[in-house]
Amino acid sequence: MIKIRVMTIADYEEVYQLWLNTPGMGLNSIDDSRTGIDKYLKRNPLSCFVAEAEKRIVGVIMAGHDGRRGFIHHTAVLSDFRNLGIGKRLVDSAMTALDKEGINKVALVVFERNELGNEFWDHIGFVERDDLVYRNKNIHMLDRIDT
């Protein structure tokens with residue numbers, strides 16, 4: 001049986017290992033550190049979720065908002081547990097939580113090379129935007145951790 005529950009910082013080590021073992025995931029040394037994730041969870045205490053099966057974490061989604069727009073980050077499901085609807089349940093949980101906080105639109109970024117991830121988001125109705133240019137600038141130097 002798969003249980004979906006709110007993520008806590010106590011889940012960090014197991015979640016981080018899941019991310020490291022998910023091809024296409026892009027992590028960095030600051031934002032995805034225990035401290036960085038703890039800060040995100042404190043800011044978004046009810047909209048990040050894990051999926052548990054067999055007494056271990058098999059899926060995760062981080063979602064939050066800026067008061068106006070919701071954002072989804074670092075969604076992953078352990079390969080042995082894919083195609084069971086876990087990813088969709090995690091997304092539904094996050095979307096419901098964001099809706100309860102008055103958020104009406106959700107955005108996310110997926111690496112273009114992440115074919116599996118892009119197929120998943122397409123399948124559940126997230127549309128690709130080709131009218132935007134995504135830009136960012138680091139305030140601090142970050143070490144990238146690509147999977």
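Student: Which residues do ring pairs link into a cluster?

Tutor: The cluster consists of Phe120, Trp121 and Phe126, linked by ring pairs. Before we go further, please note that this is a predicted model, in which local features need pLDDT of at least 70 and side-chain atom pairs count only at pLDDT 80 or more, while totals for chains, interfaces and linings use all residues. Residues are numbered from 1 along each chain as its sequence is written, and side-chain values use heavy atoms, with hydrogens and water left out.

Student: How is a pair of aromatic rings described?

Tutor: Two quantities are given, the distance of the centres and the angle of the planes. Rings of Phe, Tyr and Trp (its six-membered ring) pair if their centres lie within 6.5 Å; planes under 30 degrees apart count as stacked, over 60 as edge-to-face and the rest as tilted. By this rule there are 3 aromatic pairs. The pair of Tyr12 and Tyr16 is stacked, at 5.5 Å centre to centre with 25 degrees between the planes. The pair of Phe120 and Trp121 is edge-to-face, with 4.9 Å centre to centre and 70 degrees between the planes.

Student: Are Phe120 and Trp121 buried or partly exposed?

Tutor: Buried means under 20% relative accessible area, exposed means over 50%, and partly exposed lies in between (1.4 Å probe, protein chains only). Phe120 counts as partly exposed because its relative accessibility is 24%. Trp121, at 8%, counts as buried. Tyr12 and Tyr16 are both buried.

Student: In which helix do Tyr12 and Tyr16 lie?

Tutor: Helices (H or I, at least four residues) and strands (E, at least two) are DSSP runs, numbered from the N terminus. Tyr12 and Tyr16 both belong to helix H1 (residues 12-20), where they are 4 residues apart, about one turn of the helix.

Student: Which ring does Arg113 lie over?

Tutor: A charge sits over a ring if NZ of Lys or CZ of Arg is within 6 Å of the ring centre and within 35 degrees of the ring normal. Here Arg113 lies over the face of Phe111, at 4.3 Å from the ring centre.

Student: How does one judge the length of a helix, taking H3 as the case?

Tutor: The expected span is 1.5 Å times one less than the number of residues. Helix H3 (residues 86-100) has 15 residues and should therefore span 21 Å, which agrees with its end C-alpha atoms being 21 Å apart.

Student: Which residues of H3 are buried, and which are exposed?

Tutor: Ile86, Gly87, Leu90, Val91, Ala94, Ala97 and Leu98 are buried in H3. They cover an arc of only 135 degrees around the axis, which puts them on the same side of H3; the arc is that of the directions from the helix axis to the C-beta atoms. Asp99 and Lys100 are exposed on the other side of H3. The buried residues of H3 pack against several elements, including strand E3 (49-53), strand E5 (70-77) and helix H4 (115-123).

Student: What does H2 pack against through its buried residues?

Tutor: In helix H2 (residues 34-43), the buried residues are Gly36, Ile37, Tyr40 and Leu41. Seen down the axis of H2, they fall within an arc of 130 degrees, so they line one face of the helix. These buried residues pack against H1, E4 and E5, whereas Thr35, Lys39, Lys42 and Arg43 are exposed on the other side of H2.

Student: Which residues does Ala51 touch?

Tutor: Contact means heavy atoms within 4.5 Å. Ala51 lies in strand E3 and, at 0% relative accessibility, counts as buried. Leaving out residues up to four places away in sequence, its contacts include Ile4, Ile57, Val58, Ile86 and Leu90.

Student: How many helices and strands does the protein have?

Tutor: There are 4 helices and 7 strands, and the pattern along the sequence is β-α-β-α-β-β-β-α-β-α-β. The radius of gyration is 15 Å, close to the 15 Å that the globule rule gives for 147 residues, so the protein is as compact as a globular protein of that length. That radius is taken over C-alpha atoms, and the globule rule is 2.2 Å times the number of residues to the power 0.38. Of the 147 residues, 37% count as buried.
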